[in-house]
Amino acid sequence: MKTSTALKKLNLNISEFEERLFDHSIVGITDDEGTIIYANKNFCKISKYSADELIGNNHRILKSDEHSSEFFADLWDTITSGKVWEGEIKNKAKDGSFYWVKTIIIPIVDEKGIKNYVAIRNNITKEKEIQERLLNIEDELLKQNVTLLSEVEKKSGELVKSERLATIGTMASRVAHDLKNPLTIIHTYADMLTPEILAKLDPQDKEKWFRLQTSVLDMNRIIEDVLDFARTTEIKKKKTSFLSVLRLAMNHVKTHYGVVINLPENDVSVKCDARKMEGVMSNLLNNAVHAVDGTGEVDVKISSDSKDITIVVKDSGPGIPEKDLERIFEPMYTTKTTGTGLGLVICKSIVEQHGGTISVSNKPTTFTITMPLS
């Protein structure tokens, strides 16, 4: 039984239902080619177009570019085959604003075929906005979750690494202490050779003595590195001339003919642990001298702004191999044939204790330290 017949049998006037429906919905009617021939007041209100502006146009006047050509091709294929189409469409109003409508398009058929299309729509813009916000929140939460997981993994890795390094540090400290005493005895006995005795040695024995002295100094330096790594003492900061720190560091730099170290002419006053920063700079300068391998230049520059001091150490050497660059600050990692691989680790630790950062770039090899002035 048709709805209209059923309503009439119930003594209800269908025109009243149509009027109520049109009052609460967005209604548009087109001819069989899609040209708008009727637009109710809600259609005009939401689209910002008057009825005169809509009638005679087709729905492309409302196109928002949200939907693909395939979307509209499917819609048109559905209704031209006499079927009802349902879906959600984003439209563009006359003032450029966008709105979403839940739409049902009904083909009106007579004995000759499709005569009209009636589109009944409901405004769902607020619901879509809420949905979009929820999707954005969900996306943001997923990103935060990924970030948090990454941070947890990183912190876990750092914790495991710290525990291992602490264990290594404790063991290394004990070994270094045990080695220091016999090394001191060897050094003392080697120094007991007076110039008169040395003069009597043949060239080969004299060379062996010099190699012994050099080896003792190298071993002592390695032991000091291990002990510095094992013991992290509290920094004692006071206002200091950084140029004076550099000049004191030069006393520990093993330079030789052919290598020029250019210190800055300007000075910056900074609150730091002068003794520890002296160790940092002597380490970086020694590395730079070693890198130029006999002939070249090492440039040191300092600058500052209202908050930070920046120290740059650049050498004219061949650069650090790319495979080593990322691992240069890792404990026990070294590109030298001798050494513990702890020098740069200690430097990094001291700089970070000062609230600063240290980084390295390549070709030319450049170490950059940035620290707060106070």
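Figure 1. The model is predicted: local features need pLDDT of at least 70, side-chain atom pairs count only at pLDDT 80 or more, and totals for chains, interfaces and linings use all residues. Residues are numbered from 1 along each chain as its sequence is written, and side-chain values use heavy atoms, with hydrogens and water left out. Helices (H or I, at least four residues) and strands (E, at least two) are DSSP runs, numbered from the N terminus. α5 supplies the largest share of the lining, 4 residues. The pocket holds about 590 Å³ of space. On a 1 Å grid over the protein atoms alone, a pocket is an open set of points where a 1.4 Å probe fits, with protein on both sides within 12 Å along at least five of seven lines. Grid points are joined across faces, edges and corners, and the volume is the space filled by probe spheres set on the points.

**Figure 2. The second largest pocket, seen by its residues.** The lining counts 21 residues; a lining residue has an atom within 4 Å of a point. His59, Arg60, Phe72, Leu75 and Trp76 lie nearest the centre. By class, the lining has 9 nonpolar, 7 polar and 5 charged residues. Nonpolar covers Ala, Val, Leu, Ile, Met, Phe, Trp, Tyr, Cys and Pro; charged covers Asp, Glu, Lys and Arg; the others, Gly among them, are polar.

**Figure 3. Histidine 67 sits in the loop between α4 (51–54) and α5.** Histidine 67 counts as buried, at 15% relative accessibility. Buried means under 20% relative accessible area, exposed over 50%, and partly exposed in between (1.4 Å probe, protein chains only). The histidine 67 side chain reaches the backbone nitrogen of lysine 90 at 2.8 Å. Not counting residues up to four places away in sequence, histidine 67 touches Phe72, Glu88, Ile89, Lys90 and Trp100. A contact means heavy atoms within 4.5 Å.

**Figure 4. Lysine 307 lies in the loop between β9 (296–304) and β10 (308–315).** Lysine 307 is exposed, with a relative accessible area of 62%. Still, lysine 307 touches Met371, Pro372 and Leu373, not counting residues up to four places away in sequence. Lysine 307 and proline 372 are 65 residues apart along the chain, yet their C-alpha atoms are separated by 5.8 Å.

**Figure 5. A cis peptide bond joins lysine 363 and proline 364.** Omega is about 0° here. Lysine 363 is found in the loop between β11 and β12. Proline 364 lies in the loop between β11 (357–361) and β12 (366–372). Lysine 363 is exposed, with a relative accessible area of 66%. Phi of lysine 363 is near 50°, a positive value. Most residues other than glycine have a negative phi, and most peptide bonds are trans.

**Figure 6. Lysine 48 has a positive phi, near 70°.** Lysine 48 lies in the loop between α3 (41–47) and α4. Lysine 48 is partly exposed, with a relative accessible area of 43%.

Figure 7. Cysteine 272 is buried, at a relative accessible area of 0%. Cysteine 347 is buried too, at 2%. The whole structure has 0 disulfides, a disulfide being a pair of cysteine sulfur atoms within 2.5 Å.

How values were computed. A polar contact is a pair of N or O atoms within 3.5 Å; within protein, one must be able to donate a hydrogen and the other to accept it, and residues adjacent in sequence count only if both atoms are side-chain atoms.
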